Amino acid sequence: MSNKKLIIAHIGNGKSTNRYHAPFLLNRPEKFKIKSIYQRNLNKKNSWAKILGVEYTDDLEKILRDDEIDIVIVNTPSETHYSIARKVLEAGKHCVIEKPFATNVADAAELFRLAKEKGVTVQCYQNRRFDSDFLTAQKVIESGKLGKVFEVCMHYDYYRAEIPESVTNYNPANAFLLTHGCHTVDQVISYFGKPNEVRSDVRQLLGKGRLNDYFDLDFFYDNLKVTVQSSYFRAKIRPSFEVYGTRGAFIKAEQDRQEADLKKFYLPAGHADFGIDLPEHYGTIFYYDNEKNYHEEKVKSERGDYARFYDALYETIINGAPQLVTEEQTMAQMQILENAGKDLA
């Protein structure tokens, strides 16, 4: 069984499939094979080049009835995740759902219940656990150089004013809190665990009835506060990570570079330097050592690799390893996001 190749089908043939999933699966040919990609309208012009050897179909039932397919990956608009994932699970296939996992807690819980009933796995694609900046911040925290860490600030910013300005009605499935909070809130929960308390400041900067375009979430643990802040209106991007301890601080200005490379079609296959930080992207640690001597040092970035999500999935399905993204973590994230967004309208 350890040499088995898992057969993959994608639902959706857009940016998510072609930029954030397929390049990493294709870079693991010994473990995965993409057999099929579903596109609702095959006659629609698509900017993504077809993948050699993959069957493109507009027949969803053909994928669901295909006994050869082990895993179906749902890469459709967020409001359709629940209905499509439900069909996948009812067909008895393992399911990976692009972020956000669902649009509400009740739907998320039902998908986990159904997966258990059918004896298959369902997970959210939390690839951002393998962002270089996040992994580097962990390395610094665990080095002990900062002393006791009491505050972590995480920022996921843009200046894309045209996006909220173009949206004239509020749709909770497309709220910035849900579609972007699902990245950073998962990072918090996966590393620090479930918080004791969460406080939130979630806004529609252009007014009620418009797109949610700003959020500020504070997670409280024993003697630790973790803050996640994001906005579409940041002309000057804040540092990706700030970590403060009793003996020092770590500042990482630059975000993980995998997405930047993917946007340029500089793909992991054939590029040994894919997603790797250059020295000018490294973060800086400032700290006092045990002799009270001050240090200011660049920290070489850890290597990010979104394919590690799929490595873990392979181990779960083939060798029975625990799921990387657990039901408890996903449900905690969904509850936090639902609570924070309850006053949006």
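Predicted model: local features only at pLDDT ≥ 70, side-chain atom pairs only at ≥ 80, totals over all residues.

Colleague: How many disulfides?

Modeller: The count is zero.

Colleague: Is Cys95 buried or exposed?

Modeller: Cys95 is buried, at 2% relative accessibility. Cys153 also counts as buried, at 11%.

Colleague: Switching topic. Where is Ser200?

Modeller: Ser200 is in strand β8, which runs over residues 197-203. Ser200 counts as partly exposed because its relative accessibility is 40%, and that class lies between 20% and 50%.

Colleague: What is Ser200 in contact with, beyond its neighbours within four places in sequence?

Modeller: Asp216, Leu217 and Ala340. Gly341 is 141 residues from Ser200 in sequence, yet their C-alphas are 8.7 Å apart.

Colleague: And α10, how many residues does that helix have?

Modeller: Helix α10 has 14 residues, 327-340. From first C-alpha to last, α10 reaches 20 Å, close to the 20 Å expected.

Colleague: Which residues of α10 are buried?

Modeller: Among them are Gln329, Met331, Met334, Ile336 and Leu337. Ala340 is buried too, and Ala340 is one of the contacts of Ser200.

Colleague: What covers the buried residues of α10?

Modeller: The cover includes helices α4 (105-118) and α7 (176-192). Strands β8 and β9 (214-221) are also part of the cover, and β8 is the strand that holds Ser200.

Terms used:
Residues numbered from 1 in each chain as written. Heavy atoms only, no water. Disulfide = S-S within 2.5 Å. Buried < 20%, exposed > 50% of the residue type's maximum accessible area, 1.4 Å probe, protein only. Helix = DSSP H or I, 4+ residues; strand = E, 2+ residues; numbered from the N terminus. Contact = heavy atoms within 4.5 Å. Expected span 1.5 Å × (residues − 1).
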